[in-house]
Amino acid sequence: MDISAYMAEVGLAARAAAVQVARSSTAVRNEVLLATARILDKARAELAEANRKDLEQGRANGLDEAMLDRLELTPARIDGMIAGLEQVAALPDPIGTITDMTYRPSGIQVGRMRVPLGVIGIIYESRPNVTVEAASLCLKSGNATILRGGSEAIHSNQAIADCLARGLAAAGLPQAAVQVVKTTDRAAVGELITMPQYVDVIVPRGGKGLIERISRDARVPVIKHLDGVCHVYIDAHADPEKALAVAVNAKTQRYGTCNTMETLLVDREIAEDILPLIASAFRDKSVELRGCEASRAVVADMLEATEDDWHAEYLAPILAVRVVDGLDGAIEHINRYSSQHTDSIITENYTRARRFITEVDSSSVMVNASTRFADGFEYGLGAEIGISTDKIHARGPVGLEGLTSQKYVVFGDGHVRT
């Protein structure tokens, strides 16, 4: 296969389809999602057979159990895909919304209208249910999409793509509105991220290595985050019960997510009182603690933290702990070491809370809440395509609105400029 020619063909078709998707009605786009849900339900046997091929190939290639688990399409995960399509169909449609209308001294009205981005390329690994998640969000927000899943899920992704194509056809939209790249050749990724004539934005969902490569090589804007080095700071004015509950939840509710706390900061004023309680709670959860000198002076069985620990995204039952000199010390540490994902303060002092949310430069900043809330569903976005720690366009959890842009609209009545 000539990869360059194939990807150009895919891009050209996506660009043409994007025009039709953008001008389609909410009802038509919702019908695509609901029709696809019905088709997936009827295609369970075909999906299971395609997934069996991927699992067999994965075992033959030596994939570990964690990867195989992510790859597997269980009946419950198919149920989840169906439910996800129905949920996205029920979300408000952002496209065409006009806001901020104001009269200017000239008499014209100026406002902003929300519009699709166009063609969105999404590159992801392992989990075939991402194919449905990504396609549904792109379609609902009026975009066409090119999906490049991991080679280990090629059969599953193609089976899901067939269901999406049939759903598009049922609603009268072009099948090229959702295209799953048919080749496992990695050169296809290189082509996808360097086709600005066809692709408007790239969203990578995968490991740090994948995202670093795409960020480095792309000639198309990228919505991404690299690390989730999230902090919880326990202020001297914190309620101890709240502090303990939030810290334990932020670390142990799930270990392998980008919004899991990786470093706990404690105000020096209360370190001797609260650190033993926190250490005991984490000991009960089998979490390894790595502390600074001041932390280890209070809790002797902590391991010694190194400079690398302040930068670490463990994604494991390991937690770095540091005693800091009040709010100034916490803000200084976070702005130096944070990946600008999610950081939280535990305090009953309103003034300190306001300083924290103003001065901490992260995409999500919280007061008296677990960092685990930092996702699209919990924020009321319905679903998310990913997290962005960039400062232009989308920041934080990226839902439907993050897959759109705005253009200015002007209304007049024969007005001319003098």
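Predicted model: local features only at pLDDT ≥ 70, side-chain atom pairs only at ≥ 80, totals over all residues.
Residues are numbered from 1 along each chain as its sequence is written, and side-chain values use heavy atoms, with hydrogens and water left out.

Let us begin with the parallel sheet. Helices (H or I, at least four residues) and strands (E, at least two) are DSSP runs, numbered from the N terminus. Two strands pair if DSSP finds at least two bridges between them. On that basis, four strands form an open sheet in the order E5-E4-E3-E6, and their pairing is parallel. Strand E5 (178-180) and strand E6 (201-205) are the edge strands, each pairing on one side only. From one strand to the next, the twist averages 15°; here axes are lines fitted to C-alpha atoms, for helices over the stretch in contact, and angles run from 0 to 180 degrees between N-to-C directions. Within this sheet, strand E4 (residues 144-148) pairs with E5 in the parallel sense over three bridges, and Thr145 stands opposite Val178 in E5.

Helix H1 (residues 3-22) lies across strand E3 (119-124), E4 and E5, and runs at about 150° to E4. Helix H7 (residues 154-171) lies across E3 and E5, running at about 165° to E5.

The axes of helix H2 (residues 26-42) and H7 come within 8 Å and cross at roughly 135°. H2 and H7 are therefore oblique to each other; angles under 35 degrees count as roughly parallel, over 145 as roughly antiparallel, 65 to 115 as roughly perpendicular and the rest as oblique. H2 passes H7 in a right-handed crossing, a crossing being left-handed if the near helix is turned anticlockwise from the far one by less than a right angle, and right-handed if clockwise. Residues making the contact include Val28, Val32 and Ile39 of H2, and Cys163, Leu164 and Leu168 of H7.

Next comes helix H3 (residues 44-60), which packs with H7 at an angle of about 160°, their axes 7 Å apart. That makes H3 roughly antiparallel to H7. This crossing of H3 past H7 is right-handed. Here Leu47, Ala50, Asn51, Lys53 and Asp54 in H3 meet Ile154, His155, Ser156, Ala159 and Ile160 in H7.

With helix H6 (residues 129-140), the axes come within 10 Å of each other and cross at roughly 30° to H7. H6 and H7 are therefore roughly parallel to each other, and H6 passes H7 in a right-handed crossing. Thr131, Val132, Ala135 and Leu139 in H6 meet Asn157, Ile160, Leu164 and Leu168 in H7.

Now to the antiparallel sheet. Three strands make an open sheet in the order E1-E2-E16, with antiparallel pairing. Strand E1 (98-103) and strand E16 (404-411) stand at its edges with a single partner strand each, so one side of each is left without a neighbour in the sheet. The twist in this sheet averages 20° from one strand to the next. E1 pairs with strand E2 (residues 109-116) in the antiparallel sense over four bridges, and Thr102 stands opposite Val110 in E2.

Finally, a look at the rings. Arg322 lies over the face of Trp310, at 4.8 Å from the ring centre; a charge sits over a ring if NZ of Lys or CZ of Arg is within 6 Å of the ring centre and within 35 degrees of the ring normal.

Technical notes:
Contact = heavy atoms within 4.5 Å.
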